[in-house]
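Hi everyone, thanks for coming. Let me show you a structure that may be new to you.

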Amino acid sequence: MGFRKKERVQLKTPEQIECMRIAGKVVAETLETLRINVTPGITTGELDVIARECIFSSGATPSFLGYYGFPAVICTSINEEVVHGIPGDKVIAEGDLISIDCGAIVEGWHGDAAISIIASTNPQPTIQKLSDVTRAALDAGIKATVAGNRMGDIGNAIQTVIRNAGNYGIVEDYVGHGIGTEMHMYPPVPNYGRAGDGIELKVGMVLALEPMITIGSPEVVTLEDNWTVVTTDRNWASHWEHTIAITESGPQILTIR
Ligand code: MG
Ligand code: MG
């Protein structure tokens with residue numbers, strides 16, 4: 001009693017990282033297809049059908065479908081929805097900010113990524129900035145994902161971009177994660193932290209970095225569907241994610257085409 005097995009990081013060989021790159025490519029191609037299809041009038045359920053076709057036609061399996069009973073292939077989170085929105089009859093309106101989160105499995109290896117898209121040719125500047133800042137924070141986190149750094153260096157890099165950009169909230173209830181033979185693995189990857197804190201980053205680690213940033217308070221609440229996470233103050237949120245491998249030559253984004 002009181003004994004807990006020490007959680008360990010699953011380190012990958014270069015060959016295993018190549019397998020993960022294949023899964024990551026499927027995710028990236030699916031998200032690119034979805035990005036092109038996001039337009040006012042389309043439903044989130046229609047986007048899910050497109051994602052389903054993309055993933056299965058690539059010979060991959062969706063990571064999310066059936067995950068703790070999740071009923072769809074992607075998560076679609078609109079405006080004040082932060083993460084884990086369920087695709088369905090909801091129609092995307094002009095100017096909406098939609099984040100799409102997608103995961104795929106190839107030969108047992110997972111890829112996981114998310115993008116934010118504004119359904120407009122003339123987006124509101126405040127909403128465009130929210131998405132751009134979240135994306136820039138992800139990029140800064142990726143740069144810090146190098147062997148010899150500590151976990152806190154990633155969170156600190158993400159947090160610094162956000163704090164310097166203005167009055168944004170960093171969601172703390174949800175964080176990034178290790179990934180490999182499962183979608184969610186040890187260690188957690190917070191989007192905040194102190195440089196030099198936490199476990200040491202090593203070659204062979206693969207981490208999903210995923211800042212979730214709000215305009216206003218970072219407090220979130222889960223809706224009655226038991227999935228959809230929204231901001232408590234109903235201000236809008238953005239979410240970007242990539243799966244990153246730590247290699248001898250630095251961080252490599254696996255979820256690209
Ligand atoms: Mg994801
Ligand atoms: Mg993830």
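I'll start with the overall fold and then turn to some salt bridges.

This is a predicted model, where local features need pLDDT of at least 70, side-chain atom pairs count only at pLDDT 80 or more, and totals for chains, interfaces and linings use all residues. Residues are numbered from 1 along each chain as its sequence is written, chains are lettered from A and ligands numbered from 1 in the order in which they are written, and side-chain values use heavy atoms, leaving out hydrogens and water.

The protein has four helices and 15 strands; these are DSSP runs, with helices being H or I of at least four residues and strands E of at least two, numbered from the N terminus. Of its 257 residues, 50% are buried, meaning under 20% relative accessible area, while exposed is over 50% and partly exposed lies in between, with a 1.4 Å probe and protein chains only.

Now, how many salt bridges does a search of the whole structure find? There are seven, each a side-chain nitrogen of Lys or Arg within 4 Å of a carboxyl oxygen of Asp or Glu.

Let's look at helix 1, residues 14–37, where Lys25 and Glu29 sit four residues apart, about one turn. Their closest N and O atoms are 3.6 Å apart. Lys25 is partly exposed at 40% relative accessibility, and Glu29 is partly exposed too, at 34%.

In helix 2, residues 44–57, Arg52 and Asp48 are also four residues apart, and their side chains meet in a salt bridge at 3.3 Å, N to O. Here Asp48 is buried at 6%, whereas Arg52 is partly exposed at 31%.
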